[in-house]
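Here is a quick walk through a multi-chain model, one piece at a time. Have the viewer open and follow along.

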Amino acid sequence: MKNTGQLLKEKLLLSFEDIQAEVSDEHRLTVNCRKDTVITVLSFLNNSGYDHLALISCVDWIKDNVLELVYILTAYAEDKGKAKMNILVKTRITREKPGLHTVIPVFENAEPYERELHELYGIHFMGHPRLTPLFLEREYKIPPFRKDFDTRKYVQEVFDQIPFVEDKKAEK
Amino acid sequence: MDRNNLGKWLKSPGKMGQKYSLHALYFCTGCGIIEIPPSITTRWDAERFGVIPVATPRQANLFLITGYVSVKTLRYIIRSYEQMPEPKFTVGFGSCPINGGMYWDSYNTIKHLDKYIPVDGWIAGCMPRPEAVFVAVTHLWTLIDKGMADGYNKYRANYQYYRENQEKILGKLEWPPLFSKNIKHEEYRTIA
Amino acid sequence: MRELELYFGPQHLGMVGNFSITLNVEGDRIVKATANPGFLHRGFEKLMEQRTWIQNFPLVCRINVVEPDHMELMYAMAVEKLAGIEVPERARFIRSIYLELARIGSHLFGLWAYANMLGFDTVANWAMYHRDLVLDLFEELTGGRVYHIYIWPGGVRRDFPEGFKDRIINTLHTIGSCVPDYDNTFFNNRVFYKRAKNIGKITCEEAKRMGAVGQVLRATGMKQDIRKTEPYAAYDQVDWEIPVRTDGDAYSRIWVVRDEMIESVHMIFKLLDKMPEGEVYNKIPNPFKWKIPDKDAYVRCESSRGELGLYLVSNGGDKPYRAHFRTPSYNHGLTILEKALENESIADVGNIMISLYITAPEIDR
Amino acid sequence: MTGNSILSPFNAVKYLFVKPKTIRYPFEPKEPAQRYRGFHVNDWEKCTGCGNCADICPNQAIQMIKMPELESKSGQKNERPRLDYGRCCFCGLCVDICPPGSLKLTRDYFHIHFDPKTFVFIPKDQKTEPGKYMSAEDYSVLKASLSHRKKDYEGFVSDLKFALFEPDRVTMPMIDPDVRKLSFIEQVVGYNPEEAKKEASRCLECRLCEEACPAHLKISDYIQAIYEDKPEESLKKIYEDNPIPSICGRVCMAYCEQACSLSIRGEALSVRWLKRYAADTIKDFITALELKPGTSTGKKIAVIGAGPGGLSVAYFLRLKGHEVNVYDALPGGGGTMRTGPPVYRLPLESIDKDVNYIRSLGVEFIFNTRIGKDVFFEDLLKEYDAVFLGTGNTKSRSTKVKNYEKCELAFDFLSDNKIGKQRKVGKEIIVIGGGNVALDVAREALRLQNIQYPGENIAVKTVSLEDWHEMPATKEEIEEAKEEKIQFNPAWGPKEVVLDNDGNVKGLLCKKVKSVFDKEGRFAPTFYEENEMFLEGDMIIEAVGQAPDFSFIPENLFEKLEFTERKKVKVDEKGMTSIRKVFAGGDIVNVNLDAVTAIADAKVASVGIDAFLSGK
């Protein structure tokens with residue numbers, strides 16, 4: 001008997017042409033797709049019962065010059081086989097002027113995740129209602145979570161960390 | 001404790017008032033706040049030391065900077081601190097405000113709190129336990145007695161310096177300077 | 001009536017944690033609420049990329065100060081998955097007991113905040129006192145009151161001290177014996193009912209759509225708990241029930257919290273009974289030479305506020321390449337809160353917020 | 001909903017009559033838990049200054065500070081950790097990584113001060129210093145916050161079971177003692193790649209070993225290379241400082257292992273076996289190392305003696321482009337290494353592997369040539385631009401007791417067996433001496449007995465002046481000898497060799513030793529003359545020390561050669577003796593008689609010779 005992951009993989013491969021799907025680890029399905037098919041893949045998965053968007057993450061593969069977006073889906077189902085599944089939908093976009101369509105129409109809770117990625121990685125989500133700053137107060141030339149942003153150097157420049165405490169002026 | 005020093009009390013009632021009614025500002029600045037609820041409730045009961053949390057900066061004279069201070073929080077710390085009436089005392093909690101602590105290489109937390117507002121005492125630990133908070137309070141009493149807890153005077157005297165540092169991190173501050181010019185420390189009379 | 005913009009927090013008596021909400025109000029009716037997080041943003045995941053695998057242990061627990069233990073577990077589980085480290089049986093049980101204690105502590109903290117918010121100072125004081133008793137247990141087991149740094153990949157950091165089992169049982173009996181008092185004073189109190197019923201109501205459909213997890217979801221009638229669906233540690237070794245309510249309002253949520261605490265106490269007793277003897281720690285490789293193969297992993301667990309996940313990527317180096325925590329408060333605080341506050345009155349902001357159990361540090365990270 | 005009542009809350013009224021739960025702190029202090037993670041305390045006696053705590057600290061809160069009042073020695077740096085409580089997060093990683101277990105967390109957690117600079121301090125365990133600790137009755141919370149620490153206030157301490165390092169060595173596969181004593185098969189099998197990687201992974205990279213090693217090999221680096229499964233890299237690192245890894249990987253004295261910080265509470269990293277692994281895994285040194293001799297300088301150097309020192313000098317000078325000729329009386333390279341260590345410890349193939357590699361670099365070896373007989377020292381001095389003396393100790397000392405002429409000498413015995421003809425041995429052999437050479441002799445004799453008298457009753461006994469604890473042989477060696485059932489008679493001194501009527505050896509009369517060293521630690525044995533013991537035996541071998549042989553130096557030159565107080569050749573900081581152009585190293589210069597010290601000398605001398613030749 002095939003397990004839930006394998007069945008889903010077959011369904012996915014039947015419905016979409018240019019995606020790669022791989023079942024690893026029994027309860028994990030990894031789907032690689034192009035950036036314009038993400039939203040259709042996600043809505044397909046949503047309709048198949050994987051209706052909980054757990055996380056949208058981003059990995060900066062600076063050597064390949066790409067940002068990899070990872071959408072992690074699980075199911076709210078009470079059915080054991082389904083509830084155990086973790087689906088990772090991955091897509092790669094360029095690091096220069098990165099942008100893709102928002103998935104808010106499919107998953108409402110994607111809104112803060114996309115806002116966060118916009119702020120920390122500089123990814124522009126087309127169709128997002130408010131790409132305003134979420135966490136940060138200062139402005140950064142390079143979005144701080146990108147690999148080429150060197151926090152230690154930045155800290156040295158901005159906060160004067162070393163030497164230990166320099167407060168001579170105040171003590172005068 | 002110095003309950004026997006009644007004479008001393010009577011000599012300086014002003015200081016006594018400052019010492020034994022430290023009203024702490026209710027502001028969770030960082031993770032050190034987790035030890036404040038135990039301190040103010042049944043088990044430890046900070047009220048025995050005259051420390052109670054109050055709602056607004058206008059009523060408070062003790063500012064507990066509980067843990068790390070992110071850049072965004074710093075703005076509100078400064079605002080709250082400036083709104084507090086004098087005399088006011090600041091206590092830094094844990095490693096983070098002293099020298100960055102756990103977040104020494106974070107791009108979004110400040111490393112030395114005393115560059116932005118004056119701090120009268122520091123407590124080591126991550127977190128400091130409630131006991132350490134109480135000992136800090138008793139130490140603060142001593143400092144108040146000796147007139148050493150004069151951070152607010154330092155703030156007045158070196159306002160320019162603090163304001164410069166604040167603006168270096170936060171950009172142009174939207175509120176006007178609290179003090180118009182650098183006023184010498186001595187010109188200000190301390191209470192009692 | 002004229003619409004006003006009102007800033008709620010971060011320095012506000014009704015605000016627990018360093019968080020802020022901008023409210024658009026008409027009279028005392030909220031038209032629109034906008035969450036404004038970021039006061040506790042430290043760039044955690046960026047910091048993790050600069051520390052070696054072992055150095056991240058003291059770091060991860062600091063993501064959420066209210067309940068650091070599940071953060072430790074997440075990181076340990078992810079590293080175990082990536083590096084293929086086995087956990088001894090006894091360590092699994094210790095983890096479960098420890099995590100349930102953490103859940104009780106965290107829920108008591110939540111109860112303190114909630115009761116304090118509603119003005120039930122007596123109950124708030126009791127809850128905080130009982131939490132302190134749990135912290136005493138933690139201190140004895142791990143050496144820290146708040147940050148325990150106890151769960152390590154390959155097991156736990158130290159074994160139970162002598163007689164620790166009895167002290168857990170004693171403490172739980174002390175807390176358990178007060179449950180009728182809690183019930184009489186708080187949970188069955190008419191005032192609580194009046195103030196919390198039909199406040200911040202969310203239907204099951206809405207909750208699912210907006211990514212609710214944990215007791216927010218369970219209060220709407222959905223029976224979902226990762227300890228059941230994807231059991232970790234030793235949760236599959238004992239029988240227990242998922243407490244559920246159906247109304248989806250603040251009242252149901254707090255009741256779910258109460259039931260969960262009681263379920264946890266029962267679970268700890270069962271776990272203590274079944275706990276085997278043996279090793280508690282499989283040695284991890286030399287931390288200075290520790291490299292983890294080029295892989296990624298997503299692990300999740302049920303923290304006291306709901307599903308907690310960690311997406312951890314390694315590129316074969318001695319540091320994580322990327323870590324991303326999926327925290328339960330994230331959607332609760334940024335999506336559901338905004339929705340739940342609409343058309344409520346200003347007086348209920350704190351009520352709703354705490355009943356959603358939003359903790360700011362894990363939103364901001 | 002049912003059960004909601006406005007009256008039920010009044011149940012809580014009963015708590016009005018309950019004793020308050022508040023802890024009346026500070027009048028009623030609450031002790032922190034036994035494992036509490038408070039401030040640090042560091043036992044300076046135990047601390048080695050290895051700096052692992054500073055390396056593992058996630059917050060860079062620990063810095064190693066030089067302490068001028070402490071002295072650096074083998075396995076000890078004069079550095080101690082300094083803590084910054086403006087950084088520390090009290091995680092205890094430093095405690096779990098501390099190899100000696102000196103760094104601990106206390107249960108003390110009060111430090112409250114208005115000056116942030118006071119949050120940096122160097123922890124020290126001052127329990128033994130009176131005045132630094134308060135007595136328990138004087139202790140109060142308020143005082144503690146200012147002056148720190150009550151007595152015995154240990155909290156979170158290191159536990160080997162949960163330590164972050166691995167205290168136990170990967171067991172080296174050895175041939176069973178009952179099997180190995182029957183033949184000259186090499187007793188140590190050697191690590192396989194998995195075992196070597198596992199053993200290499202134990203290294204904490206504190207580099208105490210590198211300071212302890214006389215030749216300062218880059219031990220951490222080559223072990224890291226083994227861990228990364230790159231034996232070529234590893235061998236390259238070794239060859240930077242040591243050109244005879246196959247030899248040193250087997251018979252080195254392993255000063256590094258004595259200094260290893262892991263050895264304090266566990267077993268030292270087996271650095272020597274890992275070196276051996278690197279040297280043995282690579283079959284072809286020439287392609288693996290890719291070393292080339294330097295551009296020719298046209299200078300010629302003669303090296304007398306192809307022992308470790310001579311080989312190393314030749315290697316280092318050849319890399320600098322000089323032409324080097326090595327003279328040796330033996331038919332092959334290795335010097336003492338060729339004649340001394342028995343085949344079961346150091347097979348001849350391993351020696352030849354190293355020598356052949358050095359030869360492949362263009363060093364010319366002239367074997368079977370004795371200086372003073374086949375070639376004359378004066379000629380060498382004329383012919384060459386510099387001469388290096390690496391002759392070592394080639395003569396055995398004797399006990400000079402009565403009838404000592406009937407005894408065999410250790411060096412002759414060993415060298416004959418190894419490169420000449422096997423000796424005929426007796427059934428009951430007595431070996432005099434407690435050093436490594438004596439044990440080599442004893443174990444070799446045992447093997448010969450097993451070969452020559454299979455199945456018969458045989459015995460090997462050793463007699464040494466030193467007692468168990470002061471025996472100069474390494475522990476390992478003693479252990480292995482015991483496994484092979486060699487009998488030890490420690491703390492006995494030879495008095496007389498007893499002969500039977502035919503003048504054959506009958507046994508050894510011994511006397512009990514009172515003490516071996518005098519108060520200053522010099523060798524001056526005293527005996528209980530009346531306390532005697534007779535050991536039976538038909539063959540006695542003396543292994544009580546070695547001496548150099550300078551007979552090849554003509555007398556007019558020998559007069560010029562200066563010696564130190566300990567009867568060693570005196571050399572300056574460049575390795576040059578009192579005779580111009582003549583450099584020296586190895587056993588004739590050093591008190592420590594081992595290969596790696598000779599290599600260290602050779603490094604000095606090669607730099608000296610190079611500077612001398614280039615006129616600096």
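## A glutamate on chain D

Let's start with D:Glu194, which sits in helix H5 (residues 193-200) of chain D. Keep in mind that this is a predicted model. Is D:Glu194 buried or exposed? It has 10 C-beta neighbours inside 10 Å, so D:Glu194 counts as exposed; the cut-off for that label is 12 or fewer.

Now look for D:Asp229. Along the sequence it is 35 residues from D:Glu194, yet in space the two C-alpha atoms are 9.2 Å apart.

## A covered helix in chain D

Helix H8 (residues 231-239) of chain D is mostly covered, with 7 of its 9 residues buried. Which ones are they? The buried set in H8(D) is D:Pro231, D:Ser234, D:Leu235, D:Lys236, D:Lys237, D:Ile238 and D:Tyr239.

As for what does the covering, helix H7 (219-227), helix H9 (245-251), helix H11 (271-281) and helix H12 (285-289) of chain D are included.

Chain D has a mean pLDDT of 81, and 95% of its residues reach 70 or more. Which elements mark the two ends of the range? Among the elements of chain D, helix H2 (residues 93-97) has the highest mean pLDDT, at 88, while helix H3 (residues 141-147) has the lowest, at 53.

For the complex, the predictor gives an ipTM of 0.82 and a pTM of 0.85.

## Chain A, spread out

Over in chain A you'll find 6 helices and 7 strands. Reading from the N terminus, the order is α-β-β-α-β-β-α-β-β-α-β-α-α. Chain A is more spread out than a compact globule, because its radius of gyration is 20 Å, well over the 16 Å that the globule rule gives for 172 residues. Along the principal axes, the C-alpha atoms of chain A fill a box of roughly 80 × 30 × 30 Å.

Of the 172 residues in chain A, 40% are buried. Take the chain A contacts between residues at least 6 apart in sequence: 52% of them join residues at least 24 apart.

## Where chain C meets chain B

How many residues of chain C are in contact with chain B? There are 27 from chain C, touching 30 residues of chain B. On the chain C side, helix H5 (residues 121-142) of chain C gives the most, with 5 residues. By class, that side of chain C has 15 nonpolar, 8 polar and 4 charged residues.

Methods
Residues are numbered from 1 along each chain as its sequence is written. Chains are lettered from A and ligands numbered from 1 in the order in which they are written. This is a predicted model: local features need pLDDT of at least 70, side-chain atom pairs count only at pLDDT 80 or more; totals for chains, interfaces and linings use all residues. Two residues are in contact if their C-beta atoms, placed from the backbone, lie within 7 Å. Helices (H or I, at least four residues) and strands (E, at least two) are DSSP runs, numbered from the N terminus. Ala, Val, Leu, Ile, Met, Phe, Trp, Tyr, Cys and Pro count as nonpolar, Asp, Glu, Lys and Arg as charged, and the others, Gly among them, as polar. The radius of gyration is taken over C-alpha atoms; the globule rule is 2.2 Å times the number of residues to the power 0.38. A residue is buried if 20 or more other C-beta atoms lie within 10 Å of its own, exposed if 12 or fewer, and partly exposed in between; C-beta atoms are placed from the backbone. pLDDT is the predictor's confidence in each residue, from 0 to 100.
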